[in-house]
Amino acid sequence: MAWFYNLKKGGLRTGSAAVQYTDFLNAYLPSVALMPLLHHVGESPRLVVREGDRVDEGQLVGIGSGSSAHVHSSVPGIVRDFRHIRMPDGKKQLAVCIELDGSFSLLGKRKETVSWGFLPEPELVRIIEEKGVINTFSSPVPLAVQLRSFRIQHPPAPPVLLVRLFDEDPTYDTDGFLSRVYLSHVLEGAAVTARAADVMSIILVHNSKEWSGPDEKELSDIFSHRKVRVLSMYGALYPNGNRRELVNAVNAEEKKSPGIFWGDLMIDAVTAMNVYEAVVHNTPVMEQFVHVSGDGLVRQGMFKVRIGTSIGDLIAECGGFSARPEKIIINGLVLGQAAYDLDTPVTKYTKSLCVFTKSSYKPGVETTCTRCGECAAVCPVGLYPAKLYQIYRTAGNSGALRDQALLCEECAACSCVCPSRIPLFQAARYLKYAADGEKK
Amino acid sequence: MKKRAFLLITSAPYMYVKPSRTKISVCMCLLILPQLLLLVMERNIGSLIVIGCTIAGSMLSEGVGDLLRRQMTLSDGTAFLSGLLVGMFLPSGFPPAAAFVISFFSMFFVKQLFGGFAGNWINPEMAAVALAYLSGSVFFPDFMVTAAAVGNAGTPFAAVPPEMISFAGFDHTVTSAVNGSFLHRLGISLPEGYISMFWDTGSPIPAFRFNFLTLAASLVLLSSGMIGWIVPSCFLFMYTLLVRLFSLVPFGGGFARGDMLFALLTGGILFCAFFVLQEGGTAPLSRPGKAIYGLVAGAAAFLLCGVGGSPVGAVFTVLVANSVTPFIELGEERAYLWRQRSESRQRVQYGK
């Protein structure tokens, strides 16, 4: 399969595989936690605490309604104030500032274990909602919302759950870490999700050469005798973890009819792990594994961080800056965002942090397009990004050409290879949303 | 923690897998620098002055273009590289003033007429050299070999007048070592003189001279991803294949008896393959397109350079190949549309 998939058109050899850790460090508890209310695309939850309130560990501070997820306090303490802070995605959001105080009700205590096998499916969805689990497979969305809509209108075939056991961005390894170190938990979380979504089959996609997890029979037991397939994306060029690539890779193996549809449910290892914690241990989402890297830090590693910890505190945990930082990148070097300040909190969708110094970070200075064709060669959907950029710059009408942008997967492979450092995928994204808006 | 305002927000990606255009230009200049140093060491003042003039002409042209377009491209190094490449293809005896004027006007008109750097489908450097040849062919050297001489001698190498090859002092030693160490096992032997041509052909045109340095530079360019491998490999494959199969047929030398080494080491074929042939804008975009372009260029090189040793065959080869590019790009556009249609169909099939 991997060999076959290498023959696909486009794709990028990133050549910088992230360090694969086998152990993690518990980050210090923040003296002040900045709990953002919104951790996903969509509406913000309703605030349910007031200034001066005392909150327990895991207590609700924001109640989701409809399309939003609950938010829980990651530390016990006193609500000091409410601030608008900069989030990892660059937007400003309201955050609850909780000063650490009082005793922990979950940390250090023996975790309860719930036998979920007898729970009805709607109850599982309710627990997932109650614990504030979001799906970080691509853009973060509340998992319970996805599960409910998936159960109502699933694709025109036996519904499938796909679990991605590696990271979409090749420059960090958070999902990969969980899949290696906590595979049993991830699989159980996936089994809960499969049951909650009422799917008929499960596809586990990993990127190792050989599957080192449970065998077919054990997998069948874990997933309550549903059909389970294991697919390797080993050696596949980037992008290999987005929805399109996974759908194509799975269906490339199917001979007669598609094995998976775009509308099928897809989760990553982080989401499966959070489902496991929520349902099996009755624990809300309060912690996040963050892959910390970069030569701008004294120490790198995999950290288990309380949500709401500022990246400044996390950096201090790593021994501080090794030199003057030039850029702090959250969630990967290919698809991530540059942090605005050190107060930016760790959220439910923060997976990595990378600190560059001036010597290691080379900013891309845009120059004129040389028509080298590199962008067209790597585009997995066969677009010519330089041409789209030209349309974007000249505000050209050419509707047919501009509509091609609708196919763009926003993988940024074109921007990564552009010798002229042109923001190609941003231009394609702009045209895509413009064309999409007009069609609607 | 106090806000750190020095963190400047920029957009993704934060890693690049290919070097920047400026870096490529600077590296190419640095890789040509050893050849210039050898010119300095042998006090080839004529070539150095011509190269200086073409660089000045190109830089001035870019500067004027920048003023007209109201943008700054002079600092990215491409104008310097263009001037350097023009100078490398002009003979040492070419009038410096004419070199400056030709470099300036060719660059200016080719780039401005076609919309700036890489908007031109024709290689501006080679257009400048072609113009120089058409306006002053007397300054260019003759073919290294004539048809009559090849017919009489049997091979192009044997047909070269002795005064046109400058034998290096180490030629005999290296040739003996190469023959003795492994070539004799294959039942072949390398005549003396090829090692000299590999090191320095002694041509008055600098780009034709230091094949060893050009090949060494090509290793750096290819391994670092600064240039693609498809165009040069297809070009060299096609040219050497045709030379091997057919080059001696018109001279009664028989089929598949051509001298590939002579063809490669004379006439600036290697320099052209690695430094000139795939300049941005003049080569197709897709991998199949680049392969076709390289093969067409190889065929054109065979028709224009023949057995080798042509003073401007490589230059016109590039221009002929460039003129095919728009047609290849037409096919590419159709292929892109076909791929997009199949992508759309697939998405519909998979329920997007």
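1. A word on confidence before the details. Chain A has a mean pLDDT of 88, with 93% of its residues at 70 or more. The stretch to treat with care is residues 1-7 of chain A, where the pLDDT is below 50. That stretch has 15 contacts in the model beyond near neighbours in sequence. Where pLDDT is low, the predicted coordinates should not be read in detail.

2. Now to the four-stranded sheet of chain A. This sheet is open, its strands follow the order 2-8-7-4, and the pairing is antiparallel. Strand 2 (32-36) and strand 4 (54-55) of chain A are the edge strands, each pairing on one side only. A handy landmark is A:A33, whose bridge partner in strand 8 of chain A is A:I98.

3. Chain A also has a three-stranded sheet. It is open and antiparallel, with the order 3-5-6. Strand 3 (46-47) and strand 6 (71-72) of chain A each have a single partner strand, so one side of each is left without a neighbour in the sheet. Strand 3 of chain A pairs with strand 5 (residues 60-63) of chain A over two bridges, in the antiparallel sense. Here you can look for A:L47 opposite A:G62 of strand 5.

4. Over in chain B, helix 5 (residues 124-135) packs against helix 15 (residues 313-349) at an angle of about 130°, and their axes are 9 Å apart. The two helices of chain B are therefore oblique to each other, and their crossing is left-handed. Helix 5 of chain B contributes B:M126, B:A127, B:V129, B:A130 and B:Y133 to the contact, while helix 15 of chain B brings B:V315, B:F316, B:V318 and B:L319. By class, the residues of this contact are nine nonpolar, no polar and no charged.

5. Helix 5 of chain B also meets helix 3 (residues 78-88) of chain B: the axes come within 9 Å and cross at roughly 35°. This crossing of helix 3 and helix 5 of chain B is right-handed. On the helix 3 side of chain B you will find B:S82, B:L85 and B:V86, which meet B:E125, B:A128 and B:V129 of helix 5 of chain B. The contact of helix 3 with helix 5 of chain B has four nonpolar residues, one polar and one charged.

Note on methods: Residues are numbered from 1 along each chain as its sequence is written. Chains are lettered from A and ligands numbered from 1 in the order in which they are written. This is a predicted model: local features need pLDDT of at least 70, side-chain atom pairs count only at pLDDT 80 or more; totals for chains, interfaces and linings use all residues. Side-chain values use heavy atoms; hydrogens and water are left out. Axes are lines fitted to C-alpha atoms, for helices over the stretch in contact, and angles run from 0 to 180 degrees between N-to-C directions. Angles under 35 degrees count as roughly parallel, over 145 as roughly antiparallel, 65 to 115 as roughly perpendicular and the rest as oblique. A crossing is left-handed if the near helix is turned anticlockwise from the far one by less than a right angle, and right-handed if clockwise. Contact means heavy atoms within 4.5 Å. Ala, Val, Leu, Ile, Met, Phe, Trp, Tyr, Cys and Pro count as nonpolar, Asp, Glu, Lys and Arg as charged, and the others, Gly among them, as polar. Two strands pair if DSSP finds at least two bridges between them. pLDDT is the predictor's confidence in each residue, from 0 to 100.
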